[in-house]
Amino acid sequence: MKVSLNTVKQFTKVDLPIDELVAKINGQLGGVEEITNLGERYEGAVIAKVLTCKKHPNADKLSVCEIDAGEAKPVQVVCGAPNVRAGIYVVWLRPGSTVPASFGDAEPFVLGSRELRGVMSNGMLASPKELGLGDSHEGILELDPDEQTQVNSVIKPGAQFATTYYLDDTIITIENKMFTHRPDCFGVLGVAREIAGIQHQAFRSPDWYRNLPSFESGDGLELTVKNEAPKVVPRFMAAVIKDVVVKPSPVWLQAELVRLGGKPINNVVDVTNYVMLLTGQPLHAYDYDQLRGKKLGARIAKEGETVDLLNGKSYTLTTDDIVIVDGDGPVGLGGVMGGAASEVSVLTKNVVLECANFDMYAIRKMSMRHGLFTDAVTRFNKGQSPLQNDYVLALAMQLIGDVAGGELASQVFDAHGAKSIQAPRSVTVNTSFINDRLGLGLSTKEVRTLLENVEFVVDVSKQTNLTVSAPFWRTDIELPEDVVEEIGRLYGYDRLPRELPKRTMSPMSRSARIRLKDKIRRSLSVSGANEVLTYSFVHERVLKGAGQNPADAFRIANALSPDLQYYRLSLLPSLLDKVHANVKNGFDEFALFEIGKGHHKQNMDKYNLPVETELVEMIYSAKRPQPGAAYYKAQRVLQKLLDDLSIDASLVPIEKRFDYAGITPFELSRSAFIKTTDGIVLGVVGELRTSVRKHFKLPDYSAAVTLDIEALETVSATTISSYQPLSRYPSVSQDLSLKVSAAVWFSDLRATLDKALQETSDIKVSYLPLSIYAGDDAHRTFTFRLSATSNTSTLTDAEMSGILESVTRAATKAHGAVKV
Amino acid sequence: MTKLADIATVRDTLLARLEKLDTKSDILKAPELKQLYGAIRDVEPSQRAAFGQAVNELGNEIREKVASYSEQEVSLAPIDVTAPFDVNSELPGLLPSENGSMHPLRQEIDKLSNIFERIGFRIEESREIDDQEHMFETLNFPKGHPARDDYDTFMTIETDRDGDQFIAPAHTSTMQNRMLKKYRAGLKNDEAIAVVVPDRVFRNEDLDARHEHTFYQFEGIYVSKGVHAGMLVATLQQFLQEYYQKELEVRVNPFYFPFTEPSFEFALSCPFCDKKGCRVCSHEGWIELLGCGMIHPNVLKAAGIDPAVYTGFAWGGGVDRLVMMKYGIEDVRHFHSAKLDFLRQF
């Protein structure tokens with residue numbers, strides 16, 4: 001929202017220096033995005049009178065002029081404009097000044113004194129375009145010395161152009177977002193009221209916005225007005241004005257528009273835009289003679305109907321659109337943009353002025369659907385008050401009379417919508433309610449004054465009960481809390497007492513799930529792995545590359561990028577997708593892990609929301625193979641993680657295809673389920689299928705882990721410490737090598753050893769695998785180091801031998817093991 | 001005359017050729033196979049059935065062979081997955097511990113969580129996919145509300161039971177209703193609802209050095225009796241002073257959110273230059289850090305809490321921004337890049 005400080009000053013007093021004012025606006029109204037000094041671009045723009053004008057001796061199209069620019073002697077300027085002639089008032093840009101329209105450009109156009117085809121020219125005479133007033137560049141700007149300016153300054157040679165037309169201005173741009181619920185602040189009048197309020201000054205709206213106008217009726221031109229969409233068009237006002245003269249606006253109006261961020265077009269259109277920028281209420285002017293059937297109205301569009309708009313494009317409509325129609329069909333998209341055919345041009349003699357109100361939700365949808373974001377949309381989609389149309393229409397009619405002539409040629413139509421238009425509800429609130437929520441101790445009188453400053457009507461009863469009636473332009477005051485906001489803001493949030501809440505104490509423990517994830521993160525990073533975060537969304541090829549089915553995944557309907565087509569089913573594919581770039585970047589061996597969520601379309605909870613499956617997954621890769629399969633590298637990191645989490649789980653070969661989510665990328669012959677003794681599957685560790693490695697360009701030496709966090713949580717909660725008291729006696733160690741058939745799994749042998757060692761009563765025996773030797777394909781020899789400790793005595797060699805023998809016996813019996 | 005013996009010859013030829021083919025499925029287009037199929041109708045009626053069956057069997061065999069090639073995808077030799085290391089090998093070591101790292105965003109979330117726990121807030125987590133009821137409706141954004149435009153939300157094709165598309169939450173406030181309900185019972189015993197939700201959120205934006213579609217927020221919620229707007233400012237100031245380990249000035253600017261009234265934008269004096277002006281604060285001396293406000297009575301009502309008795313405040317701030325400012329990270333896209341040269345610096 002561009003706010004002209006000079007326009008604000010037309011409505012209220014501003015005593016503060018600009019930086020203090022901006023700080024106050026920031027603190028009490030809304031974020032200031034930009035402050036523009038408009039005046040500096042007009043430095044060197046001076047009003048002048050052309051005294052003489054002769055043909056250039058050496059150029060047909062140029063004239064040599066003597067001008068009175070208020071200086072001691074006339075100044076000579078060469079000018080190429082067709083409309084330059086003696087006697088007119090113009091704007092002269094003096095040598096050394098910058099052409100205002102190029103101000104702030106990378107290469108601003110700075111004027112000088114130089115010869116043009118042998119004749120000295122000092123500075124230049126400016127066109128409207130060069131002065132930043134619209135697009136007109138056919139001739140120089142002519143000033144009317146009799147024109148009334150707002151500052152009532154006299155238009156005379158030597159006067160500063162900027163001062164005369166109020167262009168010595170500061171434009172304060174306030175974030176639109178702040179005003180989402182404040183349609184009134186999309187007009188400078190509304191912002192001026194707030195600026196008065198935050199300065200604790202009483203604001204009084206101008207008479208035209210205070211006194212409800214009573215419209216006369218004119219005659220001469222027939223028009224039928226119909227509101228056929230009463231549900232979404234709460235109000236539709238229109239009037240015909242005949243015999244207007246369409247031409248460029250007087251300079252004061254052009255300057256006013258430019259200061260408010262508009263662009264001069266012609267006097268009639270300029271009035272509608274100016275009034276909108278002032279009040280927040282959009283208006284539209286139609287060429288009466290282009291309206292077919294002498295009709296104008298609003299209705300719901302028919303499916304497939306088309307309309308040609310002012311931007312030169314054609315739009316196909318649906319029954320969700322509101323159209324403005326004449327006797328034959330659409331002439332505009334209601335509240336969004338006017339039509340091309342009925343546009344007001346220099347040929348227009350009679351105009352219809354429309355001042356309507358549209359449903360904010362309907363406008364928002366239309367704007368989104370057609371991709372049209374106009375000044376009217378910005379205002380209507382905040383929900384303008386339908387109570388202001390009379391005031392605004394009356395002002396616009398009066399201004400058109402002033403700048404384009406003409407007279408009312410019809411009645412002033414007022415087609416109401418379905419609901420009668422209600423004044424804002426009043427809200428009853430107690431002073432203490434307000435003070436409690438702000439931590440303040442304001443008196444009822446102070447509260448009342450703050451509200452009355454911005455034209456609320458306040459009735460006080462029982463000393464502290466306030467009945468607050470919002471003015472007609474406010475649509476946001478419905479609850480006592482809305483009044484609290486108003487008071488806090490107008491009083492000043494920086495003055496609120498800063499005190500910490502007083503409360504009872506209780507320990508804040510972190511949930512088991514969060515603690516578990518913290519532990520996982522710590523364990524894996526200590527193991528040398530790197531935690532990554534990757535997107536929750538993936539491209540179809542990432543899913544497919546890991547053997548997953550995109551049909552199982554939730555699909556994003558509106559992603560800007562194809563990389564974000566699907567919610568991921570698990571994390572591993574995203575991790576695989578990140579390996580190649582790191583290898584290429586010179587990292588030879590690394591492990592990436594992520595803790596995150598997978599979603600599966602078939603997996604819904606009792607609230608019919610997708611179940612969020614929390615996972616921790618890891619990929620290990622090395623560019624150069626190392627001794628032993630990559631599987632064992634990943635398994636080693638996994639084993640440490642399980643130890644750190646005090647989880648007792650074993651690795652179980654995957655003998656056949658098994659329905660387990662996340663298993664698709666794994667090579668089954670080199671993967672294992674991570675399973676608890678209770679048979680709960682925690683996840684999978686394994687190498688990846690060739691096709692998966694190929695797809696993601698992974699090094700051959702790669703292995704991955706996937707673990708379900710919920711399963712880990714269930715198990716880790718029940719596991720208790722496995723501490724063993726220390727013995728006073730030394731432990732004895734001895735190695736044992738057992739040769740078994742290659743068909744015997746390590747886990748089978750270990751189970752046998754565990755069982756045999758349980759029977760050794762008060763002697764505690766632990767063992768560590770030292771080596772696995774495969775001399776031929778049929779056999780493997782496992783060497784274990786057994787360490788035995790007794791709590792009652794120092795172990796003898798005989799006792800140790802006995803243990804070894806019983807272990808060997810058990811292994812021979814179960815697996816045909818031979819001690820070697 | 002074509003005979004059964006011919007089929008055996010063709011079989012040998014095709015199998016030999018299959019071994020050599022790069023694209024195994026090309027064998028199915030072999031002219032010999034086509035000829036055999038074509039020959040069926042020329043065989044004497046008495047032998048036609050047997051011949052046809054034999055040709056079909058050959059066709060099936062070849063097809064299965066091709067299929068098994070694609071399934072095999074060069075299967076690796078099985079290993080003893082129950083063993084701690086490979087044969088003729090030894091127990092592999094872990095990766096060097098000094099190479100390990102935790103993600104800077106997660107580290108920061110841990111730090112924030114610790115501070116908030118110390119001042120009495122519980123830490124909870126958010127969702128990555130939610131319904132519109134939690135993202136909008138219970139937060140006082142009715143359907144069609146213009147403020148919904150401010151959140152460029154990702155939506156799924158799939159819909160919830162109300163027929164509304166699921167969404168990727170654009171703010172952690174999507175958890176507000178659940179948190180208020182979860183802890184409201186304590187209000188009767190004068191236990192305040194005090195929760196912080198740090199988690200992942202999404203906005204459907206184009207990526208550049210300053211814009212990410214995936215980022216992290218921390219949501220704060222505090223509800224009790226007698227809570228006023230000054231307490232919100234004081235609580236956040238307390239947190240930030242602890243976080244930056246120094247005295248800071250803070251200020252609030254009015255703002256608009258549908259789920260708070262009044263709403264604020266919260267700024268702190270730049271902790272990196274003490275308001276002198278530096279690159280981090282764009283030489284403003286102030287950093288706009290988060291949005292906050294007093295929880296809207298409709299939001300409390302939607303969670304079954306009486307706004308006449310209880311009041312509260314809420315805020316939502318960005319974690320990524322804190323981390324970027326802290327380390328001077330130049331590009332927000334690094335966070336989700338999984339680049340080791342980035343990650344190993346933390």
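Predicted model: local features only at pLDDT ≥ 70, side-chain atom pairs only at ≥ 80, totals over all residues.

I then checked its backbone: phi of A:Glu455 is near 70°, a positive value in a residue other than glycine. I found A:Glu455 in the loop between helix H12 (444-453) and strand S24 (457-461) of chain A. Helices (H or I, at least four residues) and strands (E, at least two) are DSSP runs, numbered from the N terminus.

Residues are numbered from 1 along each chain as its sequence is written, and chains are lettered from A and ligands numbered from 1 in the order in which they are written.

Next I went to chain B. B:Ser282 has a positive phi of about 50°, although it is not a glycine. I placed B:Ser282 in the loop between S7 and strand S8 (286-295) of chain B. B:Ser282 counts as exposed, because it has 11 C-beta neighbours inside 10 Å.

In strand S7 (residues 260-269) of chain B I also looked up B:Pro262. The peptide bond from B:Glu261 to B:Pro262 is cis, with omega near -5°.

Then the domains, whose bounds come from an automatic or database domain assignment. For chain A I noted domain 1 (2-38 + 169-205), domain 2 (40-164), domain 3 (224-416), domain 4 (426-495), domain 5 (512-718) and domain 6 (732-819). The centres of domain 1 and domain 4 of chain A, taken over C-alpha atoms, are separated by 21 Å. Their contact takes 17 residues from domain 1 of chain A and 13 residues from domain 4 of chain A; residues are in contact if their C-beta atoms, placed from the backbone, lie within 7 Å.

Which helix gives the most to the side of domain 1 of chain A that touches domain 4 of chain A? It is H4(A), with 6 residues.

Last, chain B is divided into domain 1 (4-72) and domain 2 (104-343). I noted 68 Å between the C-alpha centres of domain 1 of chain B and domain 2 of chain B.

Methods:
Buried ≥ 20, exposed ≤ 12 C-beta atoms within 10 Å, placed from the backbone. Contact = placed C-beta atoms within 7 Å.
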